[in-house]
Amino acid sequence: MAGPRDGDNSGEMVGQMGGDMAGAEGHLNASGSLTCSSAWDPDAPGALPAVKRLNSTEVKWLLWEGVPLLDARSAAEYLRCQIQGAMQVGAQPSEHQLGRLGLDPKAPLICYSNGEQRARQLCAHLEEIGYRCVYLLEAGLEGFLSRQDV
């Protein structure tokens with residue numbers, strides 16, 4: 001099966017993966033799959049881990065693997081430009097809205113906005129309502145788009 005490293009073109013905004021995953025060890029295992037911290041039990045009650053930031057390369061790889069991408073921007077901003085496959089939820093989606101999307105609270109999610117502010121709000125909100133493996137696209141949409149040819 002062809003993957004991002006093999007030149008798979010996953011769409012206009014996602015583009016090709018290219019390069020290696022150096023520096024991604026904290027987020028991706030050797031097979032390129034996202035893992036939560038081994039010291040953290042997603043089923044344990046209590047404190048949640050801090051939001052981890054993913055760079056554009058890591059996000060592109062995870063999108064190719066099917067990790068859900070949530071857009072924290074307004075519907076109007078989403079309609080103007082979005083990362084292929086993203087779901088627009090805003091910064092404070094209801095549990096009902098998230099449930100309709102079929103999101104698993106134990107599965108990884110990636111959040112983004114134009115920069116990072118609303119995405120950070122979304123990450124915090126998701127953690128508050130029980131999502132256990134929430135990640136932030138560092139530098140947001142602007143950073144992601146500026147690295148399309150890297």
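Predicted model: local features only at pLDDT ≥ 70, side-chain atom pairs only at ≥ 80, totals over all residues.
## Glutamate 127 and its setting

Glutamate 127 lies in helix H4; helices (H or I, at least four residues) and strands (E, at least two) are DSSP runs, numbered from the N terminus. With a relative accessible area of 16%, glutamate 127 is buried, where buried means under 20% relative accessible area, exposed over 50%, and partly exposed in between (1.4 Å probe, protein chains only).

Residues are numbered from 1 along each chain as its sequence is written, and side-chain values use heavy atoms, with hydrogens and water left out.

## Overall architecture

The secondary structure comprises 5 helices and 5 strands. Along the sequence, they follow the pattern β-α-β-α-β-α-β-α-β-α.

Of the 150 residues in the chain, 41% are buried. Among contacts (heavy atoms within 4.5 Å) between residues at least 6 apart in sequence, 70% join residues at least 24 apart. The chain exposes about 7600 Å², of which carbon and sulfur atoms supply 49%; accessible areas come from the Shrake-Rupley method with a 1.4 Å probe, and for residues only the protein chains shown count as cover.

## The sheet and its helices

The 5 strands of an open sheet are arranged in the order S1-S5-S4-S2-S3, with parallel pairing; two strands pair if DSSP finds at least two bridges between them. Strands S1 (52-54) and S3 (87-88) stand at the edges with a single partner strand each, so one side of each is left without a neighbour in the sheet. Strand S2 (residues 69-71) pairs with strand S4 (residues 109-112) in the parallel sense over 3 bridges. Leucine 69 has isoleucine 110 in S4 as its bridge partner.

Helix H1 (residues 56-65) packs on the sheet and touches S1, S2, S4 and strand S5 (134-137), with its direction at about 85 degrees to that of S1. Helix H4 (residues 117-128) also packs on the sheet, touching S1, S2, S4 and S5, and its direction makes about 180 degrees with that of S5. Axes are lines fitted to C-alpha atoms, for helices over the stretch in contact, and angles run from 0 to 180 degrees between N-to-C directions.

## The tryptophan pair

The whole structure contains 1 aromatic pair. It is formed by tryptophan 61 and tryptophan 64, and is tilted, at 5.5 Å centre to centre with 35 degrees between the planes. Rings of Phe, Tyr and Trp (its six-membered ring) pair if their centres lie within 6.5 Å; planes under 30 degrees apart count as stacked, over 60 as edge-to-face and the rest as tilted.

Both tryptophan 61 and tryptophan 64 belong to helix H1, 3 residues apart, about one turn of the helix. Tryptophan 61 is buried at 7% relative accessible area, while tryptophan 64 is partly exposed at 28%.

## Cysteines

The whole structure has 0 disulfides, a disulfide being a pair of cysteine sulfur atoms within 2.5 Å. For cysteine 111, the closest cysteine sulfur is that of cysteine 123, at 3.7 Å, too far for a bond. Cysteine 111 is buried, at 0% relative accessibility, whereas cysteine 81 is partly exposed, at 24%.

## Alanine 139

Alanine 139 is located in the loop between S5 and helix H5 (140-146). Its phi is near 70 degrees, a positive value in a residue other than glycine. The relative accessibility of alanine 139 is 39%, which counts as partly exposed.
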